[in-house]
Amino acid sequence: MTGDLVAGREPAAPTAVQPSTGAASRGIRRLETDQRTRLSVYRENAVLVGVGLPGADMDAADSLAELRALAESAGAVVVSIMLQRRDRVDPRTYIGRGKVEELRRRVEENAADVVIFDNDLSPAQIRELEKACGRKVIDRSELILDIFAGRARTHEARLQVELAQLEYTAPRLRGMWTHLERIAGAGGGTGAGAVGGIGTRGPGERQIEIDRRIVARRVSQLKREIAGIDRRKVRAVRARQEHFNISLVGYTNAGKSTLMNTLTGAGVPAENRLFATLDTRTRKWPLGDGLHALLSDTVGFIRRLPHHLVASFRATLEEAIHADLLLHVVDASSPAAWEQYTAVSGVLEELGCSGHRTLVLLNKTDAVDAPAELQVLRHRLPEAMCVSARTGAGLEELAEAVRRMVAGPPLRAVLRLPAAEGRAIHFLERHAEVLDRRYQDHAVEMEVLIGETVLRRLQAGWPAAQVVGS
Ligand SMILES: Nc1nc2c(ncn2[C@@H]2O[C@H](COP(=O)(O)OP(=O)(O)OP(=O)(O)O)[C@@H](O)[C@H]2O)c(=O)[nH]1
Ligand SMILES: [Mg+2]
């Protein structure tokens, strides 16, 4: 185990999940099935397989289209797509014997390097399928982990991805080792020869023990380091609490970073690929009238986000957890907008954010080509605002709505000010609704409807202003 699975790599570069150093792993490299020790799909020809089951969270064909986008985001070249509808999964191979044969043929015909399943597979199913196809087989969660590994830039994100990858992939690698051990135990074939001669109990078994110890040690080390970062992050988030904090959340590719750039001029990278953003950035968003908020861009969500990823990205998602307002960005031009909205809501619930004040933004309205679908979406989400991060449409209304929230609920107050404080009076005229005004001994008493935050700012700027009644 190299200790760091993801460090120092270029964008979308291969992920090397190496289960061990040592002679056994070098020997096993000669086996075809060893491909499972390198799970990256970068520049590989991929056959995609999707199985539509009753009660799935999305139509299997839409789901496969998303898998394709994921595979391409990871740098794979999709050469064939296989969609099957079944009433239940085949416990051995997931797709059943006949389909396995078809898959094997497609893999051969298309010179594929990898098979990517849209459904999550058990280690035993992976083993069966790899044996049948002679290629590595990975599932959706592994693919997502691979993309995250390729994108992680900061030390923190790398640790988080490494932990998630180890926790998800390690048992599957172990499953593979067990399989190899059986080959070795059978005593025949060149593959067995390659791993033979390293220990009497069988190199596979021995290596599993070594791997388990190395993995367990690394996992606890990563957890400690991440917990340290978590604590620092929580402190940093708390330190910003005098400001109004807003987090952009939403499905991957919904346009969060683009919106962040349009609103704050942040220059955050925004791209048409999944999981462009992994690291949170915070910028000041000026709202006019001297008010501002802090806006944070966060990692995007996806349906069936691997649980380990959500757990290890908790620190990054702290931003969302502690925000005063969530802006939930939805790609309204996507046919799967509603499913994406509900998937994000599910992850927010998992993070304990479901009770947060949230404003839903139907983004990319400039690119909607099915207006009827947008109508349905608006009907389901009547409070949502229509915007376009690209053209700027709707963003003034958004800023105004947020400005009202930042200003706080209006209070009725009577304020006394020296009559000579022309600027303070002007400030009140601009930021509050003046209901009444009386002059008395070089002072003015103004009865106003004023936002809580605005009142605090008035008092900070003009200590001579006194609240004399409400
Ligand atoms: N037509 C149109 N395209 C948009 C709009 N907003 C964003 N996009 C495009 O959508 C793609 C994804 O945008 P990003 O801002 O990177 O999306 P994101 O939500 O930050 O994605 P992740 O970081 O991957 O979670 C880019 O190609 C943007 O140019 C919009 O309002 N209209
Ligand atoms: Mg982004």
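Predicted model: local features only at pLDDT ≥ 70, side-chain atom pairs only at ≥ 80, totals over all residues.
Starting with the term I need: I count two strands as paired if DSSP finds at least two bridges between them.

**Entry 1: the antiparallel sheet.** I looked up the partner of Val414 and found Glu447, in S13. The strands behind that bridge are S11 (residues 410-418) and S13 (residues 443-451), which I see pairing in the antiparallel sense over 9 bridges. Then I traced the whole sheet: it is open, has 4 strands, and reads S12-S13-S11-S14 with antiparallel pairing. S12 (433-440) and S14 (466-469) sit at the edges with a single partner strand each, so one side of each has no neighbour in the sheet. I get an average twist of 35° from one strand to the next.

**Entry 2: helices on that sheet.** H15 (residues 422-431) packs on the sheet and touches S11, S12 and S13, with its direction at about 30° to that of S13. I also checked H16 (residues 452-461), which lies across S11 and S13 and runs at about 145° to S13.

**Entry 3: the parallel sheet.** Here I have an open sheet of 4 strands in the order S2-S1-S3-S4, with parallel pairing. Its edge strands are S2 (77-85) and S4 (136-139), each pairing on one side only. Direction ignored, neighbouring strands are turned by 20° against each other on average. I looked at S3 (residues 114-117) and S4 next: they run parallel, joined by 4 bridges. Val115 has Val137 in S4 as its bridge partner.

Entry 4: H2 (residues 60-73) lies across S1 (45-52), S2 and S3, at about 155° to S1. H4 (residues 123-133) packs on the sheet too, touching S3 and S4, and I get about 145° between its direction and that of S4.

Note on methods: Residues numbered from 1 in each chain as written. Chains lettered and ligands numbered in written order. Helix = DSSP H or I, 4+ residues; strand = E, 2+ residues; numbered from the N terminus. Axes fitted to C-alpha atoms, helices over the stretch in contact; angles between N-to-C directions. Contact = placed C-beta atoms within 7 Å.
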